[in-house]
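Here are a few friendly notes to read alongside the model.

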Amino acid sequence: MIIVQRLARIPSHLRLSAITLALSTLLLNSPSFALDYSLDLLLGSEVTDNVDRLSDHQKREGIESYIGSDIGLTHDSEAIHFAANYHLMYRDFKNGTLETNEEISGNSELLWEIIDSRLSWHINHDISEVLANDLVADTVDNRETRQILSTGPTYTARISGVDNIILSLDYTQLTQGNASNENPADRSDIDSERAQADVVWSHSLSSTSTLEVGYSNAETEFDNNSPDFNYQQLFAGYNTELASGNYGIRLGANRAERNLIDADQTGVFTAINYNRNFSGNIFSVDIVRQLADSSIGLESDINNFNSNNFDEISVVERTRLDVAYEFQNLCRGCIAQLTYTYDNSDFENDDLALSTDTNQDNKDNRISANLTYNINSRLSTRLLTSYLQTDFSAFDRKDRITEVESQTDWQLSAKLTLNFSLAYINRDTKNSPLGDIDYNASTIGMSATYTIK
């Protein structure tokens, strides 16, 4: 009864995601459909010395209690491939420090092979909590819910033994909620719909390498009557699959234009990926540069990068570099990874953009390291540390964020696990002349996870 009451208090857009997931489960869970599932029930609490992430001289301690679950569903057959992972959480903050918070995050994907290797249909859903206002602290009342739903067919026409024409259509719907601490005048209004068509010619040079040429056209409409986007892309590419790894490159041009605006935005399109296995250690590089409308960001079919959250409707040129090295043979029972990320967001001016829009330009430089060590079959620990520096064009602003996290998992039985965590975050923001933001927060937490399988 308590759980039902709490679910009734979840906002409608979150209930819709939960209902969609439930209906998908019922449809898929038939005698002829072997559905694997996992369900983790979470119960925990955290204590922090700065729950509001206030400046150092305004620290406010707080206790956060939470209940939730992780839901995983998978199915693989000749015709249907389905995977879903969702995280549901209800948070309660003592002493009135923050409002209670309910959230759903996760993703699901369904691929239906209607005609083997010829015709398929995909459905993808993603829901996440994204930062609403980066001028204030990253707390639960400063996050808004974003959902992206996309679906469409892909058809492969075999022209010859080495040539294929790949045609695909895609419909994407983006909806975004609002953070509880936002003023009505600052609330997001960037819900949109996108229709996209792609055609790619693929030519096999050998059993391991492929040459491709492609064209893409997308139309985006906004619910707030903002002028629509038209986005076009033309590229040539080369891919190689080897036993030791793979690499690929796409080079071309893209153009973005908006209705009622004469000037077009043009730019170079680049997508490069490289993965190599060195005696069990893995090195990878991913580079993308392209124009996109700011509300959705980088194309999901090119890479898996998370798009930034932009409330301003504008054309933005994104350049992103990810470099990672994973040590799988560092020691027995441990895996370590070093990563570096560079992300540059360059907003393009047009006739409808304010002269200050380029002040949203920003560059991220982030380096992180994590180590996972399996002490034995029941005990494991993970250590993560990261440093992020963001430089903004506006007001000579610069953010530096340092984070250190540690978590230990103790498996008491096949279904019950205890989790212990420690975390520290430091933020140093220089934002002349609007004022600086400096705070520290330390957190200690404990939770229990019960797995139903």
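1. Let me begin with a pair of charged side chains: D49 and K59 form a salt bridge, at 3.8 Å from N to O. Both residues sit in the loop between β1 (36-48) and β2 (62-76), 10 residues apart. D49 counts as partly exposed because its relative accessibility is 22%, and K59 is partly exposed too, at 43%. Please keep in mind that this is a predicted model.

2. R91 pairs with E103, and their closest N and O atoms are 3.8 Å apart. R91 belongs to strand β3 (residues 80-93) and E103 to strand β4 (residues 101-115), so this pair ties together parts 12 residues apart in sequence. Both R91 and E103 are buried.

3. R255 and D264 also meet through their side chains in a salt bridge (3.8 Å, N to O). R255 is partly exposed, at 31% relative accessible area, and D264 is partly exposed at 34%. Elsewhere, a network of salt bridges links R318, R320, D322 and D343.

4. Which strand gives the most to the nonpolar patch? It is β9, with 3 residues. The patch lies on the surface and has about 720 Å² of accessible area together; among its members are W201, L211, V213 and Y215. Y215, in strand β9, is partly exposed at 32% relative accessibility.

5. T220 is also found in strand β9 (residues 209-222), but T220 counts as buried, at 2% relative accessibility. The T220 side chain makes a polar contact with the side chain of R194 (3.4 Å). Residues that T220 touches include S192, F229 and D293.

Note on methods:
Residues are numbered from 1 along each chain as its sequence is written. This is a predicted model: local features need pLDDT of at least 70, side-chain atom pairs count only at pLDDT 80 or more; totals for chains, interfaces and linings use all residues. Side-chain values use heavy atoms; hydrogens and water are left out. Helices (H or I, at least four residues) and strands (E, at least two) are DSSP runs, numbered from the N terminus. Buried means under 20% relative accessible area, exposed over 50%, partly exposed in between (1.4 Å probe, protein chains only). A polar contact is a pair of N or O atoms within 3.5 Å; within protein, one must be able to donate a hydrogen and the other to accept it, and residues adjacent in sequence count only if both atoms are side-chain atoms. Contact means heavy atoms within 4.5 Å. Patches are made of residues with over 30% relative accessible area and no salt bridge: like charges are joined within 9 Å, nonpolar side chains (Val, Leu, Ile, Met, Phe, Trp, Tyr) within 5 Å. Accessible areas come from the Shrake-Rupley method with a 1.4 Å probe; for residues, only the protein chains shown count as cover. A salt bridge is a side-chain nitrogen of Lys or Arg within 4 Å of a carboxyl oxygen of Asp or Glu. Lists of a residue's contacts leave out its neighbours within four places in sequence.
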